[in-house]
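Subject: Structure handover

Hello,

Here is the structure I said I would pass on. My notes on what was found follow below it.

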Amino acid sequence: AVDVVTVLCKLQAGQWPELLQFVAAATADPHADARELAILLLGESMTDTMGHYWKEHFASLATLFQNALSGDSSTKVQKAAVQSLGCLLSFLADEPEAQIFEPLLPSTLHVVSQCVLLPHANNTNGATPNASSAAVSTQDEETAGALLEMLNELAAHGSPVLKTHLSGVVQFALGVLSCQALEMGIRDAAALVIATVAEGRPKLFAKDEALLANTLEILFGLIENSKTSAAGALFDSNPAWREENDGSGDGDVDIDLDEDGNPIMDSPTETSMAQGTLDMLACVLPKK
């Protein structure tokens, strides 16, 4: 059903005002499955339509997402809202309209923290998080991944959306990075968010001494408890941070390629992610 609506939206070049009315009505359905489907309809498959043709409806969409993220919604509706909003804000990362959705950022962080991180955390006192090894569902990892991608896109484009929420974003990313129940690719994305936020807002990051101290404590804790080497972590061990030197650009870093011409990169480890983040902080944060 989602694919059919997507095709129709593209054929109508977004000129289908009744669709938003239908989605809004569906999000008020008493059945959680119907509300979830309505929110998912606004996800990746319709991001282009919303971004290009629904700008005049963004205020209404923000209200719709806020209602879906609220504590009165079922968990699966909340997760669907995080995924769909993540797709939309990733698309709008360099657009001024992204600020319309800025008030929703704390709710997205709260939903993923409560639904994904908290069930796997043994320690919630603000110190270095120790996470259980219980498996995380694929849907939960997709939800966390969508939020992290959104945060990284906003940070990479210098969006003002993150300015007010920098501390909360970094603390959330630290929680994901420390969660051993999550797969390494998700934790690697969290490390990238921390580095990108620091690179984009170095003075603001360094000014928050409590945040910086907690960040360093967690990163050093990951290195201390790992047996792997951190040598060359910034560019050699962290796949996500090597995109600009992937062999297709003008970088002067020598990179081995596979038979398809793609760069061969080591899988991230706790040590490489932590050390890579530390290296980036040392490079970009202002010296006192």
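For the helix pair discussed first, axes are lines fitted to C-alpha atoms over the stretch in contact, and angles run from 0 to 180 degrees between N-to-C directions. Please keep in mind that this is a predicted model.

The pair is helix H3 (residues 32-41) and helix H6 (residues 75-91), whose axes cross at roughly 5 degrees and come within 8 Å. Angles under 35 degrees count as roughly parallel, so H3 is roughly parallel to H6. On the H3 side the contact is made by Ala 32, Asp 33, Arg 35, Glu 36, Ile 39 and Leu 40. H6 contributes Lys 76, Val 77, Ala 80, Ala 81 and Ser 84. By residue class, the contact of H3 with H6 has six nonpolar, four charged and one polar.

As for the chain as a whole, it has 14 helices and zero strands, and its pattern along the sequence is therefore α-α-α-α-α-α-α-α-α-α-α-α-α-α. Of its 288 residues, 48% count as buried. The chain exposes about 14100 Å², and carbon and sulfur atoms supply 51% of that area. Among contacts between residues at least 6 apart in sequence, 70% join residues at least 24 apart.

Thr 108 lies in helix H7 (residues 105-117). Its relative accessible area is 1%, so Thr 108 is buried, the cut-off being under 20%. Leaving aside neighbours within four places in sequence, Thr 108 is in contact with Leu 69, Val 82, Leu 85, Leu 147 and Met 150.

Leu 278 is in helix H14 (residues 270-284) and is also buried, with a relative accessible area of 11%. With neighbours within four places in sequence left aside, the residues in contact with Leu 278 are Leu 216, Leu 219, Phe 220 and Ile 223. Of these, Leu 219 is 59 residues away from Leu 278 in sequence, and the two are 7.2 Å apart in space, C-alpha to C-alpha.

Last, the cysteines. How many disulfides does the count come to? The count comes to zero, where a disulfide would need a pair of cysteine sulfur atoms within 2.5 Å. Cys 179 is buried, with a relative accessible area of 3%, whereas Cys 283 is exposed, at 57%.

Regards

Definitions and conventions:
Residues are numbered from 1 along each chain as its sequence is written. This is a predicted model: local features need pLDDT of at least 70, side-chain atom pairs count only at pLDDT 80 or more; totals for chains, interfaces and linings use all residues. Side-chain values use heavy atoms; hydrogens and water are left out. Helices (H or I, at least four residues) and strands (E, at least two) are DSSP runs, numbered from the N terminus. Buried means under 20% relative accessible area, exposed over 50%, partly exposed in between (1.4 Å probe, protein chains only). Contact means heavy atoms within 4.5 Å. Accessible areas come from the Shrake-Rupley method with a 1.4 Å probe; for residues, only the protein chains shown count as cover. Angles under 35 degrees count as roughly parallel, over 145 as roughly antiparallel, 65 to 115 as roughly perpendicular and the rest as oblique. Ala, Val, Leu, Ile, Met, Phe, Trp, Tyr, Cys and Pro count as nonpolar, Asp, Glu, Lys and Arg as charged, and the others, Gly among them, as polar.
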